[in-house]
Amino acid sequence: MNAALYAGQWPVGGEHLETSQLNEEGRELWNRKARFWDELHGDAGNLFHRRLVEPSILQLLALRNGDRVLDLGCGNGALARRLTREGARVTAVDFSEEMIRLAKGRSRGLASDIDYRTVDATDRDALLSLGAACFDAIVCSMTLMDIPVVAPLFEAASELLRAEGRFVFATMHPAFNSNNPVFFQEKEDRDGGVTTVTGVKIHAYLDLPPVKGSGAPGEPTPHYYYHRPLAALLQEAFEAGFVLDGMLEPAFSAEDADLGSELRWTGMRQIPPVLTARLRHP
Ligand SMILES: C[S@@+](CC[C@H](N)C(=O)[O-])C[C@H]1O[C@@H](n2cnc3c(N)ncnc32)[C@H](O)[C@@H]1O
């Protein structure tokens, strides 16, 4: 898929919808499920977040004490709180007013305050109002695939960062965990013994329209996921002046396999559901 093909629009259910309309619908859905999300993640994030997302972000971020960090699409603030505990000064934004309200509630009493704001990450000017060249780092955790247009965010990020700043994002892995992959489990006679093989079936990668997905089991209001092949996603960042200088593909480990059925990500040790990357100015 070439995101530029659909500039300003996405094909949804046989028609083309404006990204602004899709984004507004997203805001409404996230407001409605904010409480569910907050309870699912609690103070420190769910297992997926704690095992895969947060460690890979922290590794690529390589925080220095006192770094000024912007968290884009902060949800209930699990990552923002962790960054604060690691010594960062954090501004955290989300377009869901309800999510920001809940994040503030969970963050009372921290040693260092988090500056929470309601900001739409598709609004370049709103992002720029946070202050040009004043962040040492920007993080965007598991949010890019929820946003119908990412060029404004990358453009603004490029200006919000100081010259040596870094932008670290984690997203659902475009090759393996994008727009409803099908999990399978098969028995196979291999090397003289019968073995169980689990994996993921992908039937398309280049051109996938947005689909509504539940994200976490039990989510009350499924929202659209916007699949971007790696080349298309990174192209948006390159056009905003970034280069890629770090990448991780975290997967669950053997000890996590006991935590659920093999037909969940916890049972797949050879397939990374998350892609985490670091961008910089050249
Ligand atoms: C999957 S959650 C991830 C939350 C958090 N970063 C984490 O890792 O747990 C996606 C978040 O992005 C927010 N979001 C989606 N579209 C957005 C937009 N256009 N502007 C700002 N936030 C947005 C949602 O409200 C939600 O809180």
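Mentor: Let us begin with the ligand: of the 24 residues around the ligand, G73, G75, F95, A121 and S141 come nearest. Please keep in mind that this is a predicted model, in which local features need pLDDT of at least 70 and side-chain atom pairs count only at pLDDT 80 or more, while totals for chains, interfaces and linings use all residues. Residues are numbered from 1 along each chain as its sequence is written.

Trainee: Which classes of residue occur in the shell around the ligand?

Mentor: The shell has 10 nonpolar, 11 polar and three charged residues. Ala, Val, Leu, Ile, Met, Phe, Trp, Tyr, Cys and Pro count as nonpolar, Asp, Glu, Lys and Arg as charged, and the others, Gly among them, as polar.

Trainee: Why are β5 and β12 said to stand at the edges of the sheet?

Mentor: The open sheet has seven strands in the order β5-β4-β3-β6-β7-β13-β12, with mixed pairing. Strands β5 (115-118) and β12 (243-248) each have a single partner strand, so one side of each is left without a neighbour in the sheet.

Trainee: How do you know that β3 and β4 pair?

Mentor: Two strands pair if DSSP finds at least two bridges between them. Strands β3 (residues 68-72) and β4 (residues 89-94) have five bridges, in the parallel sense; they therefore meet the rule. L70 stands opposite T91 in β4.

Trainee: Which residues of α6 are called buried?

Mentor: In helix α6 (residues 151-160) they are P152, L153, F154, A156, A157 and L160. A residue is buried if 20 or more other C-beta atoms, placed from the backbone, lie within 10 Å of its own. Buried residues make up 42% of the 282 residues in the protein.

Trainee: Why does the radius of gyration agree with a compact globule?

Mentor: The radius is taken over C-alpha atoms, and the globule rule is 2.2 Å times the number of residues to the power 0.38. For 282 residues a compact globule would be near 19 Å, and the protein has 19 Å, so the two agree.

How values were computed: A residue is buried if 20 or more other C-beta atoms lie within 10 Å of its own, exposed if 12 or fewer, and partly exposed in between; C-beta atoms are placed from the backbone. Helices (H or I, at least four residues) and strands (E, at least two) are DSSP runs, numbered from the N terminus. A residue is near a molecule or strand if its C-beta atom, placed from the backbone, lies within 6 Å of it.
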